[in-house]
Amino acid sequence: MEADPQLYDFSPYRDRPKLTWPGSKTVAVWVAPNLEYYEIDPPANPHRKSWTRPHPDVVGYAHRDHSNRVSHWRMAEAMTRHGFPGSVSLSVALCQHHPEVVADANARGWEFFSHGIYNTRYAYGMDEAQERAIIEDSIETVRAATGQTIRGWLAPALTHTERTLDLIAEYGLTYTCDLYHDDQPTPIRTRSGRIISMPYSLEVNDHYGFFVYNMSPRDYADALIRHFERLAAEGERSGTVMCIPLHAYLIGQPHRIGPFERVLEHIAADGRAWITTAAQIADAYLEQM
């Protein structure tokens with residue numbers, strides 16, 4: 001059996017030093033739209049199939065293509081109406097394939113971090129040179145397209161190697177969304193550099209809500225509100241983080257956007273919420289470390 005990699009210390013939730021957010025808010029709320037690009041016939045990875053059906057998987061590909069053609073705009077407009085910036089989990093190839101989508105998010109003042117090059121290219125089996133090339137490509141491509149320098153990382157299709165966190169720290173990134181293990185930021189040990197684990201929820205990720213838990217739009221909206229209310233209350237003791245990970249082809253469908261917009265209204269009207277970006281949460285946390 002492999003040893004625990006000791007990426008972070010065990011820290012019981014109720015015994016931690018108090019964490020505070022600007023304006024005495026109790027919960028930092030950030031929204032993570034996954035702006036992705038999928039290839040209909042990507043190179044095969046021996047560890048995981050890209051599509052569930054034999055090639056060509058028109059259903060899988062076309063369903064996701066709805067994001068960039070239609071539902072991104074519906075989702076983004078709802079977020080903007082209620083004052084929610086996005087922290088974009090970006091398939092950086094989108095900058096070349098559909099630059100209009102990236103330009104729209106950038107014009108809204110959204111933050112960008114890397115979700116790999118394509119969401120159909122998995123990290124499983126990569127050597128160090130290949131993984132470095134993806135990180136370097138991500139930094140250079142996003143900077144050229146948006147003027148931003150990425151601060152964070154979410155591995156493509158949530159696939160990793162044993163060196164991923166060490167490498168993104170070496171390249172100067174600030175946070176990773178790849179650990180899903182806490183409701184507050186956590187310092188992470190790496191070979192060089194300092195990064196933090198940014199809370200990124202799988203439980204209220206719309207992919208899990210609709211694909212795994214088979215929730216109705218109203219059930220998903222109710223889960224988000226209950227998630228927010230609990231974290232806002234617990235944040236009175238020590239500031240918490242709520243992440244809402246989204247995929248436009250899911251949340252931006254006509255029958256789902258209405259209940260989701262009511263969630264945004266609810267959170268925006270609550271004085272306990274610091275509505276912000278992942279990078280700003282990381283900065284506020286690092287100032288208190």
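## Salt bridges, cysteines and a surface patch

Aspartate 270 and arginine 272 join their side chains in a salt bridge, with 2.8 Å from N to O; the term denotes a side-chain nitrogen of Lys or Arg within 4 Å of a carboxyl oxygen of Asp or Glu. The model is predicted: local features need pLDDT of at least 70 and side-chain atom pairs count only at pLDDT 80 or more, while totals for chains, interfaces and linings use all residues. Residues are numbered from 1 along each chain as its sequence is written, and side-chain values use heavy atoms, with hydrogens and water left out.

Aspartate 270 counts as buried at 16% relative accessibility, whereas arginine 272 is partly exposed at 23%. Here buried means under 20% relative accessible area, exposed over 50%, and partly exposed in between (1.4 Å probe, protein chains only).

The structure holds 14 salt bridges, including the following.

| Salt bridge | Closest N and O atoms |
|---|---|
| Glutamate 170 and arginine 132 | 2.8 Å |
| Arginine 163 and glutamate 162 | 3.2 Å |

Glutamate 170 forms a salt bridge with arginine 132. Glutamate 170 belongs to helix α5 (residues 164–170) and arginine 132 to helix α4 (residues 128–146), so this pair ties together parts 38 residues apart in sequence. Helices are DSSP runs (H or I, at least four residues), numbered from the N terminus. Glutamate 170 is partly exposed, at 39% relative accessibility. A network of salt bridges links Glu128, Arg132 and Glu170.

In the pair of arginine 163 and glutamate 162, the arginine is buried, with a relative accessible area of 14%, and glutamate 162 is exposed, at 69%.

The structure holds 0 disulfides, a disulfide being a pair of cysteine sulfur atoms within 2.5 Å. The closest cysteine sulfur to that of cysteine 177 lies in cysteine 243, at 6.6 Å, too far for a bond. Cysteine 177 is buried at 0% relative accessibility, and cysteine 243 is buried at 2%.

On the surface, Phe211, Val212 and Tyr213 form a nonpolar patch with about 260 Å² of accessible area together. Such patches consist of residues with over 30% relative accessible area and no salt bridge; nonpolar side chains (Val, Leu, Ile, Met, Phe, Trp, Tyr) are joined within 5 Å, and like charges within 9 Å. Accessible areas come from the Shrake-Rupley method with a 1.4 Å probe, and for residues only the protein chains shown count as cover. Phenylalanine 211 lies in helix α6 (residues 206–212) and is partly exposed, at 36% relative accessibility.

Notes. Helix = DSSP H or I, 4+ residues; strand = E, 2+ residues; numbered from the N terminus.
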